[in-house]
Amino acid sequence: MPIMTRRHMLEAAGTAALIAGPGAALSQLLAPDAESAETLTLPPALPEGTRAEAILDALPGKKPLIKLAYRPPNYETPVSYFRKAITPNDAFFVRYHLSGIPTVDAKSWKLMIGGDGASGTMELGIDDLKALPAAEVTAVLQCSGNRRGLFQPHVPGVEWGYGAMGCARWKGARLKDLLDKVGLKKEAVEIVVNGADGPAIDKTPDFVKSIPVWKAVEDTTLIAYEMNGEPLPHWNGFPARLIVPGWTGTYWMKHLTSVSAAVKPFDGFWMKSAYRIPLGKFPVVARFTTQETAVNTPITEMVVNSLITSHADGAMVRAEAAATVAGIAWDGGYGINTVDVSTDAGKTWSPAVLGEDLGNYAFRIWSHRFTPKAGKVTVLARATNKIGQSQTAALIHNPAGYHHNVVQSVTLVAG
Amino acid sequence: MRTIVIAIATASLAAAAFAAEKPVQLKAGAGLDKVEANCSVCHSLDYVQMNSPYLNAAGWDAEVTKMINAFGAPIDAADAKVIGDYLKKNYGG
């Protein structure tokens, strides 16, 4: 099926218009194909340069997504895909740190398990991995820097809007089962993971991450080979990636090639210097103590958050008629308890109706019916999780632009 | 043309990220040649546009320094200065 971005459609429309005349071209080319013809809407708060360069563009095998950067590829999912709790594989966001992205052949792919914190070593092929007891978890994968582009003042990095996230049903082997097979020594403190992707030049630090042993041995920490019932897309880590439910995407190593138990904290660049948050600024429970310093700590679990998906900012609605605002909520794995919605800019709040519960790690759909009066209607949504954490009213600024969970505001125009 | 690009990309996914990359034209100005020659070795040049126009002179200097010290970009001091000056002048804020 040909993949058309908006730009290509416009180019094609121009060409066709020359041949067939404007009437024919428009009727053919603007036929409703909601997803491929989706217009690009970007949050006004993004940097001006981001808004100018971002386009809808399709990577091979993917729907048109919001291209923020070609190489390494960083593409976010348009908000309309989040109207359902499960994000389709071909619309799932793509994020790479380094531009050396090999094709991984499943037949020749090998995963090495070992390290100085393990008693033995093991090498597995994809069939060996699939032969292990399978586990499934529905979990949100969200980039640490999702919504970085909304930070004021702006901070450098990939200037994500709302879509550096997705929720999928992941199937794979438990990491714990593999560690049991090689024998985890009691001195082991971290599990170090590496993937097949690498830097363009040798001097750039390879993207290697670690997680604490306690998180590695949780029942839901998987080496996944299936995503929503299908093999992982190339751009999302084929043939196998780490699944660390509740924690931000930086730990979910794609194209996984090695798992090493370590008796000392891993001190590579991507742990020691990158993906750190100031100590004490965020209400997170999960700690990564072997990596903490006096001033900062690795990012761990996601903070509670929500997104309004039913209406874009500035959308028109009918006055004095029932309207439904809806969206999703998620957190670091404690589960969503309530989502409160305000339709009067925060003066009063009402509990939204929660949708199907796909588990504590998943997106939770919510909706709220109300009758807008004529004029501008400011809608806010605020999620609270089962341990009582809520979204922040004011941005918690931090140098790398992580954990943006400011209560979102959407203004509707009722007329 | 697009069909051909997709066909090639499908044949070799390793090249897909590059095949899909369209040329990014940064603003004309002194030093653009150095930016194109050095920065695009590791990343597409839309990273520059994306991070604009809000970094001040110190902010752009810090980015160039990070590319050299943290990411090992083989850029000599003279080129680093030219690149920094270009970025501040054309994409500073």
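In the second largest pocket, strand β25 (408-414) of chain A supplies the largest share of the lining, three residues. This is a predicted model, in which local features need pLDDT of at least 70, side-chain atom pairs count only at pLDDT 80 or more, and totals for chains, interfaces and linings use all residues. Residues are numbered from 1 along each chain as its sequence is written, chains are lettered from A in the order in which they are written, and side-chain values use heavy atoms, without hydrogens and water.

**Terms for spaces and elements**
- On a 1 Å grid over the protein atoms alone, a cavity is a set of points where a 1.4 Å probe fits but cannot get out, a pocket is an open set with protein on both sides within 12 Å along at least five of seven lines, and lining residues have an atom within 4 Å of a point.
- Helices (H or I, at least four residues) and strands (E, at least two) are DSSP runs numbered from the N terminus.

**Pockets**
- The second largest pocket holds about 750 Å³ of space, a volume being the space filled by probe spheres set on grid points joined across faces, edges and corners.
- Its lining has 33 residues, and Thr41(A), Val79(A), Tyr162(A), Ala312(A) and Asp313(A) lie nearest the centre.
- The largest pocket holds about 1,200 Å³ and is lined by 47 residues, with Gly157(A), Glu63(B), Lys66(B), Met67(B) and Phe71(B) nearest its centre.
- Helix α5(B) gives the most to the lining of the largest pocket, six residues.

**Helices α5 and α6 of chain B**
- Helix α5 (residues 57-69) and helix α6 (residues 77-91) of chain B have axes that come within 9 Å and cross at roughly 140°; axes are lines fitted to C-alpha atoms over the stretch in contact, with angles from 0 to 180 degrees between N-to-C directions.
- That makes α5(B) oblique to α6(B), where under 35 degrees is roughly parallel, over 145 roughly antiparallel, 65 to 115 roughly perpendicular and the rest oblique.

**Cavities**
- The structure holds five cavities of 30 Å³ or more.
- About 180 Å³ lies in the largest cavity, which is lined by 18 residues, including Arg95(A) and Arg241(A).
- The second largest cavity has about 70 Å³ of space, and its lining includes His403(A) and His404(A).

**A sheet in chain A**
- Four strands form an open antiparallel sheet in the order β1-β2-β3-β4, where strands pair if DSSP finds at least two bridges between them.
- Strands β1 (55-57) and β4 (94-95) of chain A are at the edges with a single partner strand each, so one side of each has no neighbour in the sheet.
- Arg95(A) in β4(A) is the bridge partner of Asn74(A).
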